[in-house]
Amino acid sequence: MKTVLVIGIGAGHPDYITIQAIKALNRCDVVFLMDKGPSKDSLIDLRRQLCERYLTERPYRFVEAQTPERERGEVDYQASVKALNREKQQVFERLIDQELEEGQTGAFLAWGDPALYDSTLRILQRILAAGTVQFDYQVIPGITSVQALAAQHKVPLNRIGRSLEITTGRRLAAGQGGDADTRVVMLDAEDSYRQLRNQDLDIYWGAYLGTADEILIAGRLDEVADEIRRVRLEARQAHGWIMDTYLLRKPED
């Protein structure tokens, strides 16, 4: 039986990778690298560096494949994500079928944790349900950008006896949040926090968390929202991509 490992590699710092993840890497014959284009070459480079640093107990090889792009613009978001995952499923199925021999172990390296805003697990489950390729798979958790954000700002994610919500910028902009005391927002490409500047909120924002390019800004939302927007735009232009996360909550009583 082929084995596929979905390994959470953490939010960017090479020391974020866990001992369990290192042990899992050292079971691998093949490491699959999903290429998201020239602007995100640094994400591929980090994965290679992690393997070169930690995968030391056996020979292995990299197999790269192009990641399909989601349709952008004025489209139905849910439909576009489903279409993207169907295309990814075809790529993943081909990799497992053609690049992994019976008895071998391959790995997909998930940024952060495979269970949080990552589609790899759903895609593997659909491949198995289709029945065209047979394999076993295991999941190794990783440190998320949410945990890294709280650590770098030196704040707890939740306050005593109060709730925490992890959501997206799209849902925040649509007013679809709950009544949680603390909201952590991911995947916000539209600076949705700016819509809440009239509310009494603190924000803890971070980009490229754990990497050499890490940026941190914190303060009253109405006072730092424009600064975050400016810094975020400059960073995106400089690097060609950005991954950022932020925490919103009312100030302590």
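How many bridges join strand β1 to β5, and do the two strands run parallel or antiparallel? Six bridges join them, and strand β1 (residues 2-8) and β5 run parallel. The model is predicted.

**Sheet**
- Five strands form an open sheet in the order β3-β2-β4-β1-β5, with parallel pairing.
- At the edges are β3 (61-66) and β5 (135-140), each of which pairs on one side only.
- From one strand to the next, the twist averages 25°.
- Within the β1 and β5 pairing, Val-6 stands opposite Val-139 in β5.

**Helices on the sheet**
- Helix α2 (residues 41-54) packs on the sheet and touches β2 (30-35), β3 and β4. The direction of helix α2 makes about 165° with that of β2.
- Helix α4 (residues 120-130) also packs on the sheet, where it touches β1, β4 and β5. The direction of helix α4 makes about 165° with that of β5.

**Thr-3 in strand β1**
- Thr-3 has its place in strand β1. With a relative accessible area of 14%, Thr-3 is buried, since the cut-off for buried is under 20%.
- The C-alpha atoms of Thr-3 and Tyr-137 are separated by 5.5 Å, although the two residues are 134 residues apart along the chain.
- Not counting residues up to four places away in sequence, Thr-3 touches Arg-27, Leu-100, Gln-104, Thr-105, Gly-106, Asp-136 and Gln-138.

**Nonpolar cores**
- The largest nonpolar core has 41 residues, and Ile-7 and Ile-203 have the most contacts inside it.
- At least two residues of this core come from each of β1, α1 (19-25), β2, α2, β4, β8 (202-207), α7 (221-239) and β10 (244-249).
- Ile-203 is in contact with Tyr-193, Ile-217, Ala-218, Gly-219, Leu-221, Val-224, Ile-228, Tyr-246, Leu-247 and Leu-248, leaving aside its neighbours within four places in sequence.
- Another core, of 20 residues, lies apart from the largest one; Val-4, Val-63, Leu-100 and Ala-110 are among its residues.

**Aromatic rings**
- The structure holds six aromatic pairs. In one of them, the rings of Phe-92 and Phe-108 have centres 4.5 Å apart and planes at 20°, so this pair is stacked; the cut-off for stacked is under 30 degrees.
- Because Phe-92 lies in helix α3 (residues 77-99) and Phe-108 in strand β4 (residues 105-110), the pair ties together parts that are 16 residues apart in sequence.
- Both Phe-92 and Phe-108 are buried.
- Elsewhere, the charged end of Arg-48 sits over the ring of Phe-62, at 4.6 Å from the ring centre.

- Most residues other than glycine have a negative phi.
- Leu-187 has a positive phi, near 55°, and lies in the loop between β7 (182-186) and β8. Its relative accessibility is 53%, so Leu-187 counts as exposed; the cut-off for exposed is over 50%.
- Asp-191 has a positive phi near 55°, and its place is in the loop between β7 and β8. At 14% relative accessibility, Asp-191 counts as buried.

Key. Residues are numbered from 1 along each chain as its sequence is written. This is a predicted model: local features need pLDDT of at least 70, side-chain atom pairs count only at pLDDT 80 or more; totals for chains, interfaces and linings use all residues. Side-chain values use heavy atoms; hydrogens and water are left out. Rings of Phe, Tyr and Trp (its six-membered ring) pair if their centres lie within 6.5 Å; planes under 30 degrees apart count as stacked, over 60 as edge-to-face and the rest as tilted. Helices (H or I, at least four residues) and strands (E, at least two) are DSSP runs, numbered from the N terminus. Buried means under 20% relative accessible area, exposed over 50%, partly exposed in between (1.4 Å probe, protein chains only). A charge sits over a ring if NZ of Lys or CZ of Arg is within 6 Å of the ring centre and within 35 degrees of the ring normal. Two strands pair if DSSP finds at least two bridges between them. Axes are lines fitted to C-alpha atoms, for helices over the stretch in contact, and angles run from 0 to 180 degrees between N-to-C directions. Contact means heavy atoms within 4.5 Å. A nonpolar core is a set of buried Ala, Val, Leu, Ile, Met, Phe, Trp, Tyr and Cys residues joined through side-chain atoms within 4.5 Å.
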